[in-house]
Amino acid sequence: MFDSLKKGYLKKGVVTGDYPGTPLKAPEKLLGKPVVFDKSRCGDCRACIDACPSGAINDRVNISLGRCVFCGACAEACPEAIRMSSEFELASRAKPDFDVEAAGRAMERKTSKAFGRSLAIREVDAGSCNGCEVEVNALSNAIYDIERFGLHIVASPRHADALLVTGPVTRNMERGLIQSYRAAPEPKMVIAMGACAITGGIFRDSYAVLNGVDSLLPVDVYIPGCPPRPQAIIQGIMIAIDRWEAKRF
Amino acid sequence: MTPLNIINEITAAFGADMVSVEGYGNRIMVKATLEALPYVTSFITKRYNGALATMHAADHLRSDRKAFTIYVVIDIASMDLYVMVEADVPEKPGRYNSLTPMIHSANWYEREIADMFGLIPVGHPDLRPLVLYDNWPTEFHPLRKDTDGRPLKVMTEYPYRMVEGEGVFEIPVGPVHAGVIEPGHFRFSVAGEPVINLEIRMGYVHKGIEKISERMTYSHGVILAERISGDNGMAHATAYCQTIEQIAGIKIPERADYIRTVFLEMERIYNHLGDVGGISLDTAYNVGAQHAYIIRERMMQLNECVSGSRLLRSINCPGGVRRDLTKDDISKIRTTLVKAKLDFQDFVGLVGKEPSIMDRVETTGRLSTEAARSLNVVGPGARASGINRDVRRDHPYAAYRDLSFVVHVLKEGDVNARMKVKIAETYESMSIIEQALDKIPEGEIRTSLAEIPPGRTGLSLVESPRGELVHWILSDEGGRPFRHKIRDPSFCNWLAMEQATPGNIVPDFPLVNKSFNLSYSGNDL
């Protein structure tokens, strides 16, 4: 017991980071948001379109962050016009996809006022590869420690204000997801995390998946990434409770 | 015993009208008649102490064979040899004699084939659907080549095994669990606190990955392979790439082999740290757990720093690796590892003598050597139950041939043994990385791949953090797989959990679960 205290607390000191209070510079090599920096070079070679495994680049060379799996294949196929930036704060209330109409339709917000100070989150895996779970679990470690923002990951949808859904929604999890949503008390919101949950990602159009959470539930915030880094998830949750723009951390 | 002896013995035992046997390199190909299939496979596994590496089918109805083909891959680790048995099943009546009564580990494979192709194993003890249950029509078999699209929903009932008796209760758990983990359903039958039966139902995260892979080119397929089981992505991608490289018949640059090795071991370290931390957490020893999680987080930050991805994605490609290690990266890895090792020693010192942990982990969730062998358990779970197997040593790939390491084997088979094996392997991985960084040669990291010839098979085994995983690809025209079989280690080990849990109390189940730490996504595909 004494040993635990000595080695566990005293020797370690404080390890918790200060993000987002202090903005973070991501590592240079990070595979963050793909950027088409020189569209004038785009002809009709289609190299980037063919290189993309998840169909995230359309004929006009627009990149859908909701479909992108951040593999960097496009930047490798066409280094003259595309590069992977280290930008990772990509969450938004509008769906990050090609469809302009869908992108313009931000969700009606009645609920976020009720959650101004804290949020109880239930994570529901609706078919992810477990990469997103690794990152959600990391949120609770001493380095990110999201409890310091009043954000709690709770054990049941019945305790939850928000569902954090990962995965493309497999046919076998459809019922589980709907029941979890119904079990959560009103008011509630849904956060779609990762490319799969936004559009189906790399599993899009498979016989066993539904191409994203919003084919089943109303989604309030989308967090692109494959998987999003822990800081990106924090940003997404902060947007959901209106604390990001106001910088109330 | 040489491969030639084995070829002669198999031919002599069954006769030329039942089997035709050929050998290439470290592979023996056996074509058997459908009637002979169970006998040939059980003869080989028993006589040469082989393990069932994978069993799957492919749809050749449209080719000259005009039949489904069942492939059985048997791994003879002591000789670095694979025996591949295949037999044709005609579309009508689409039945074959089950292997399960003789080779118990064939159980789930045959159920999977029944789901995916509609071939019925006659004599199988449990023919419930494995992944396509509840609302899938019974005649829908997605991996048949003529199946396309999503079928309509029908209502069916999944029959659970019932345990009845006075005072016996059922506790259904999942698919949505209390922790942040993947969905699966566990049904405990309990009499008081002790569990008398556990039934595991998987399939909730079935995404049709094998079907998706058939429409993807090889360069896209590797990115899909990284997403089969997210935290073992590097291992899956390596297996996928090695399979393609085998089909293409190329050798990748030595530097690429070393880079793969370094990243494979970095993956093992962060996974094992999560597991031992998780065991600590499930015994309510939060201080110890946070200790491990801090080291794990530092390792994942290192991953991101040197590769651009916290989960080591986008490193592999068929023909080598996409990302080189600069001098700066190498020194970052070295310094982080030195610190991580010291911290890990602190952690091991804490949990190793904490009575509140030892009391919970010793004798909990015991898996006997016999059960582990008969179910073909793989990875740290097998090594903690006295089975001495490790693909890195038995079928060396990447740079493992040049590096020295010890395979840690314990006999007890309880949670404590699995934790100890994982702790020992973490140290071993650190040493492997140091050796690899010392020896890493200069040079190219990638060779270009010519056209991949159609109609060839490739097989690759890789020791992922959870154990041996298998990728098997039959190539097709247009640079895509005709059939891509993925076998995650979890597919073998879930049944071991059903064996290890009864006799323990319900609150110890999370510990048993965490000590195996199996993937749901890799299992369900």
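## A salt bridge between the chains

Arg175(A) and Asp134(B) form a salt bridge through their side chains, at 4.0 Å from N to O. The term salt bridge is used for a side-chain nitrogen of Lys or Arg within 4 Å of a carboxyl oxygen of Asp or Glu. Seven salt bridges are found by this rule across the interface of chain A and chain B.

The model is a predicted one, in which local features need pLDDT of at least 70, side-chain atom pairs count only at pLDDT 80 or more, and totals for chains, interfaces and linings use all residues. Residues are numbered from 1 along each chain as its sequence is written, chains are lettered from A and ligands numbered from 1 in the order in which they are written, and side-chain values use heavy atoms, with hydrogens and water left out.

## The interface of chain A and chain B

The contact (heavy atoms within 4.5 Å) takes 69 residues from chain A and 75 residues from chain B. About 5600 Å² is buried between the two chains, and carbon and sulfur atoms give 54% of this area. Buried area is the accessible area (1.4 Å probe) that two parts lose on being put together, summed over both. Lys29(A), Arg171(A) and Tyr207(A) supply 16% of the area that chain A buries against chain B, more than any other three residues.

There are 42 residue pairs in polar contact across the interface, with both residues at pLDDT 80 or more. A polar contact is a pair of N or O atoms within 3.5 Å; within protein, one must be able to donate a hydrogen and the other to accept it, and residues adjacent in sequence count only if both atoms are side-chain atoms. On the side of chain A that touches chain B, α5(A) gives the most, with seven residues. That side divides into 35 nonpolar, 16 polar and 18 charged residues. Here Ala, Val, Leu, Ile, Met, Phe, Trp, Tyr, Cys and Pro count as nonpolar, Asp, Glu, Lys and Arg as charged, and the others, Gly among them, as polar.

## Helix packing in chain B

Helices (H or I, at least four residues) and strands (E, at least two) are DSSP runs, numbered from the N terminus. Helix α7 (residues 254-282) of chain B packs against helix α16 (residues 509-516) of chain B at an angle of about 175°, with the axes 9 Å apart. Axes are lines fitted to C-alpha atoms, for helices over the stretch in contact, and angles run from 0 to 180 degrees between N-to-C directions. The pair α7(B) and α16(B) is therefore roughly antiparallel. Angles under 35 degrees count as roughly parallel, over 145 as roughly antiparallel, 65 to 115 as roughly perpendicular and the rest as oblique.

Helix α3 (residues 107-117) and helix α15 (residues 489-500) of chain B pack at about 120°, with axes 10 Å apart, and are therefore oblique to each other. In this contact Asn107(B), Trp108(B), Tyr109(B) and Glu112(B) of α3(B) meet Phe491(B), Cys492(B), Trp494(B) and Leu495(B) of α15(B). These residues divide into six nonpolar, one polar and one charged.

## Backbone features in chain A

The peptide bond from Glu186(A) to Pro187(A) is cis, with omega near -10°. Pro187(A) lies in the loop between α6 and β6 (189-193) of chain A. Another cis peptide bond joins Cys226(A) and Pro227(A), with omega about -15°.

Asn130(A) is not a glycine but has a positive phi of about 90°. Asn130(A) is placed in the loop between β3 and α5 of chain A.
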